[in-house]
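We will go from stop to stop, picking residues and looking at what surrounds them.

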Amino acid sequence: NVTQIVIGYRRPGLLRRLFGRSLVEALLRQSGEIAVHVVPLARVQRGWSMQRLLPSRDPVRYLLSALYTAGAVALGIGSEQIFPLPTPQPFFFLAVMLAAVRHGLAASIFASLLSFAAYNFFFIEPRYTFTVAQPHEVVGLFLFLFVAVLVSGLAARSRDQAEDARRRMRTQQSLYDFSRKLATTIGLDDVLWAASFQVASTIRGKCVVLLPEGDGEGDNLRLAASYPPGEELDAGDMTAARWAWQRSEAAGHGSSTLPSQAWRFEPLTTSRGTVGVVGLTGSSGKLDMESDTRRAISALINQTAVAIERANLDEEMGEARVVAASEKLRQALLSSISHDLRTPLASITGAVTSLKSYGESYDQATRADLLDTIDEEADRLNRFVGNLLDMIRLEAGMLAPKRDWVAIDDLLASAASRAKRHVGGRGIAIDAAPNLPLFQLDFVLMEQVLFNLLDNAAKYSPDGAAIKLAARIAGDKLMIEVIDRGRGIPPDDLERVFDKFHRVNSGD
């Protein structure tokens, strides 16, 4: 089941020196379908290894370590003049610890060796030579070197542990901040932007996020977000991205699939499957991540996948709510149309049929009554269709109120006059407070509001019961009331008064 062999080296030429080039060539010849890669190690593992004892390429830290040692020599010589000490070794230990804490293990060992030489040269008899006169001084000198190296190692180890702790703390804080940001981010575009920025900042490189096109069933991917903005992928990168999408496994740089590509693609996988692909690369085209960074990137990818899935679910739920609302409105509209159209049409059809079939046998009063029925029901049908058209224009933003200064007395009188022929012989009493000021409103629309209320009051109040139309000032507002003697609206339906096509009773 082996698919690849990776041979890593810490020093150029080390593999060749230890095994010879023939070993690599033999592996390449005998591997068959197994991919063989000879690569430098991305990083030397932290720990007590000989690699950490190798000289650093930064000369500044060694210069500073030498200055610390020179300061220890100056303190030792000064203390002899002011307050003689049994030995100046504490000053040298301080210099070694300072070099270890500030510059690492290699610099502290350099400071230990330099302190060993300086202590011998300046403070061991005979002074200003590297000769040791007394045998016990030799033992003490090498014991000093041993303790100095031990102290430098312990101090450097404490420094490394503190750095690791700070790095882990920064990583955890970054993950926490990112999770908080995702928790308050709703839109998919915002999630993708936040994720690409966070991943690119963590690896100090570039990041792209690819999502499936359409319904996600095909193999086509689109570049949905990138940081820095404007990143583009070539054909090889897109091939690696599609591989990661189809197989739900890493592809590209550092993987067994298309390892020569500069980008590495990781699938964004959730419990519902793969929702996308994230691509990573270094700012210089080489991706080099330490183990802590890899763990952080893995956590970021998991959080991003969950956030994308949540955004997709929110979008699907929104679409489902729209579909449900549309279906509910369609059913209510069909129910209302079937009710409000069928009733007047049935009345008109019945009256016309009676006139055509038995018109000659009816007296003048009966024919007049049937003609009045046709007229009333046709008017009712016309009003219903007009209301539907007005509602459509209102919701489409095509019907805007045309406000003008209106006398409330005229508004009430016009509405009552229009509704008079539809209230079934009931009287409409107008009770308007005296000296009402003018109000700025749309006369036609407000008259329609009052007409609808008067028509509804006539439908659901006892025959012969009067309807009152009142207007008064209540505080800083105008209160217009339509008062009838009907049974009223049940409390459970009060919140649905303004729902489209809602009826308390399903019947006529």
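**Before you start**

This is a predicted model, in which local features need pLDDT of at least 70 and side-chain atom pairs count only at pLDDT 80 or more, while totals for chains, interfaces and linings use all residues. Residues are numbered from 1 along each chain as its sequence is written, and side-chain values use heavy atoms, with hydrogens and water left out.

**Stop 1: the cavity**

Please select Ala-195, Ser-196, Val-199, Cys-207, Val-209, Leu-268, Val-278, Ile-301 and Thr-304, the residues that line the largest cavity. Helix H7 (188-203), strand E3 (205-212) and helix H9 (291-358) each give two or more residues to this lining. Helices (H or I, at least four residues) and strands (E, at least two) are DSSP runs, numbered from the N terminus. Which element gives the largest share of the lining? That is H7, with three residues.

The search of the whole structure finds one cavity of 30 Å³ or more, and the space in the largest cavity comes to about 40 Å³. Here a cavity is a set of points on a 1 Å grid over the protein atoms alone where a 1.4 Å probe fits but cannot get out, and lining residues have an atom within 4 Å of a point. Grid points are joined across faces, edges and corners, and the volume is the space filled by probe spheres set on the points.

Now color the lining by class: seven residues are nonpolar, two are polar and none is charged. In this scheme Ala, Val, Leu, Ile, Met, Phe, Trp, Tyr, Cys and Pro count as nonpolar, Asp, Glu, Lys and Arg as charged, and the others, Gly among them, as polar.

**Stop 2: two contacts across the sequence**

Stay with helix H9 and pick Ile-297, which is found there. Ile-297 counts as buried, at 3% relative accessibility; buried means under 20% relative accessible area, exposed over 50%, and partly exposed in between (1.4 Å probe, protein chains only).

Next, go to Ala-244 in helix H8. Ala-244 is buried at 0% relative accessibility, and its C-alpha lies 6.4 Å from that of Phe-265, 21 residues away in sequence.

**Stop 3: salt bridges**

How many salt bridges does the structure hold? There are nine, a salt bridge being a side-chain nitrogen of Lys or Arg within 4 Å of a carboxyl oxygen of Asp or Glu. Side chains of opposite charge can pair when their charged atoms come close.

- Lys-206 and Glu-231 meet at 3.8 Å, N to O. The pair links distant parts of the chain, with Lys-206 in strand E3 and Glu-231 in the loop between E4 and H8, 25 residues apart. Lys-206 is partly exposed at 25%, whereas Glu-231 is buried at 17%.
- Arg-264 and Glu-266 have their closest N and O atoms 2.8 Å apart, and both residues are buried.
- Lys-459 and Asp-455 come to 3.6 Å between their closest N and O atoms. Both lie in helix H12 (residues 443-459), four residues apart, about one turn of the helix. Lys-459 is partly exposed at 47%, and Asp-455 is buried at 12%.

**Stop 4: backbone details in the loops**

Select Tyr-227 and Pro-228 and show the backbone: a cis peptide bond joins them, with omega about 0°. Pro-228 sits in the loop between strand E4 (221-227) and helix H8 (235-247).

Then move to Leu-258, in the loop between strand E5 (251-252) and strand E6 (264-270). Its phi is near 50°, a positive value in a residue other than glycine. Leu-258 is partly exposed, at 31% relative accessible area.

Asn-435 also has a positive phi, near 60°, in a residue other than glycine. Look for Asn-435 in the loop between strand E9 (428-432) and strand E10 (439-441), where this residue is exposed at 79%.

**Stop 5: a patch on the surface**

Finally, switch to a surface view and select Ile-489, Leu-494, Val-497, Phe-498 and Val-504, which form a nonpolar patch with about 530 Å² of accessible area together. Patches are made of residues with over 30% relative accessible area and no salt bridge, with like charges joined within 9 Å and nonpolar side chains (Val, Leu, Ile, Met, Phe, Trp, Tyr) within 5 Å. Accessible areas come from the Shrake-Rupley method with a 1.4 Å probe, and for residues only the protein chains shown count as cover.

Is Phe-498 buried or exposed? Phe-498 is exposed, with a relative accessible area of 81%, and is found in the segment after strand E12 (477-483).

Terms used: On a 1 Å grid over the protein atoms alone, a cavity is a set of points where a 1.4 Å probe fits but cannot get out, and a pocket is an open set with protein on both sides within 12 Å along at least five of seven lines; lining residues have an atom within 4 Å of a point.
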